[in-house]
Amino acid sequence: VLAELIEKFVSRLSESQSDCYFSTGNYKATDADVKNESLSSVQQLGVEMTVRYGKYLNLLKEHAENGLCFVLMNCEKFLKEQQRTVVSPLRCLQEHYPGYDWFASSVFLIMEGDREKTLTFLQRFSRLLVSAFLWLRRLHISMHLPITTVESGIHPVYFCSAHHIEMLLKAELPLVFSAFQMSGFAPSQICLQWITQCFWNYMDWSEICHYIAICIFLGPDYQIYMCISVFRHLQQDILKHTEA
């Protein structure tokens, strides 16, 4: 039901010119195009973990690895068409995205391993502003960003969402904010980790689905409220650890 709901919602929005924040080409995915492509060792490890998790949740069948690899390699190709050429020694600014694409993997599980539905959804979703915040891979060295932002190697989620999380945390949960200050560890760092991994390894699968759906339906600012609500939920534990 969730898959159908977000599919229809994103499909409707992506057809509206006023809702499309990013322009994208008409990329057509075929097996032949990605036959000579290969995934990095980090991505291969991520595929194994995703498939294992998907089977544990009874969402994926046998040979799901091939479908997920097809999705990831095609995402790489159609997003590469929107990348800048940047000469930098920074590893995060190389042509290939340095980490693993947790958002695309989450969508693959939501779509129960249907590679065509997943890829069609991601291509439509990439036109919307919310994709910049939910799908971190989407803005990797992107031509949609100012060159100074790209060369900094800092993702917009860090200075947009994470910045606002710190501001709200100070106002809403001053004790938690103080605990972080005393530890010398910024709450924005842990939030960036949560957001990058789509809360994998932190939340149950149903909650991960709720997080993705809420941000798609209600807007990317709900990413901020979600992190604040997690800190509120963890407040007693955080304060207890600070005392210890």
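Trainee: Which residues of H12 meet H13?
Mentor: On the H12 side they are Glu207, Tyr211, Ile214, Cys215 and Leu218, and they meet Asp221, Tyr222, Gln223 and Met226 of H13. Please keep in mind that this is a predicted model.

Trainee: How many residues of each class are in that contact of H12 with H13?
Mentor: The contact of H12 with H13 has six nonpolar residues, one polar residue and two charged residues.

Trainee: And at what angle do H12 and H13 pack?
Mentor: The angle is about 145°, and the axes of H12 (residues 205–218) and H13 are 8 Å apart.

Trainee: What about H11 and H13, where do their axes run?
Mentor: The axes of H11 (residues 187–196) and H13 (residues 221–233) come within 11 Å and cross at roughly 115°. The crossing of H11 past H13 is right-handed.

Trainee: Which residues make that contact?
Mentor: H11 contributes Pro187, Ile190, Cys191, Trp194 and Ile195, while H13 contributes Gln223, Cys227, Val230 and Phe231. By class, the contact of H11 with H13 has eight nonpolar residues, one polar residue and no charged residues.

Trainee: Changing topic: what domains is the protein divided into?
Mentor: There is domain 1 (1–144) and domain 2 (156–243). Their centres, taken over C-alpha atoms, are separated by 24 Å.

Trainee: How many residues are in contact between domain 1 and domain 2?
Mentor: In domain 1, 24 residues are in contact with 21 residues of domain 2. The area buried between the domains is about 2000 Å², and carbon and sulfur atoms give 85% of that area.

Trainee: Which residues of domain 1 lose the most area there?
Mentor: Trp102, Phe133 and Leu134 do, together accounting for 31% of what the domain 1 side buries.

Trainee: And how many salt bridges are there between the domains?
Mentor: The count between domain 1 and domain 2 is zero.

Technical notes:
Residues are numbered from 1 along each chain as its sequence is written. This is a predicted model: local features need pLDDT of at least 70, side-chain atom pairs count only at pLDDT 80 or more; totals for chains, interfaces and linings use all residues. Side-chain values use heavy atoms; hydrogens and water are left out. Axes are lines fitted to C-alpha atoms, for helices over the stretch in contact, and angles run from 0 to 180 degrees between N-to-C directions. Helices (H or I, at least four residues) and strands (E, at least two) are DSSP runs, numbered from the N terminus. A crossing is left-handed if the near helix is turned anticlockwise from the far one by less than a right angle, and right-handed if clockwise. Contact means heavy atoms within 4.5 Å. Ala, Val, Leu, Ile, Met, Phe, Trp, Tyr, Cys and Pro count as nonpolar, Asp, Glu, Lys and Arg as charged, and the others, Gly among them, as polar. Domain bounds come from an automatic or database domain assignment. Buried area is the accessible area (1.4 Å probe) that two parts lose on being put together, summed over both. A salt bridge is a side-chain nitrogen of Lys or Arg within 4 Å of a carboxyl oxygen of Asp or Glu.
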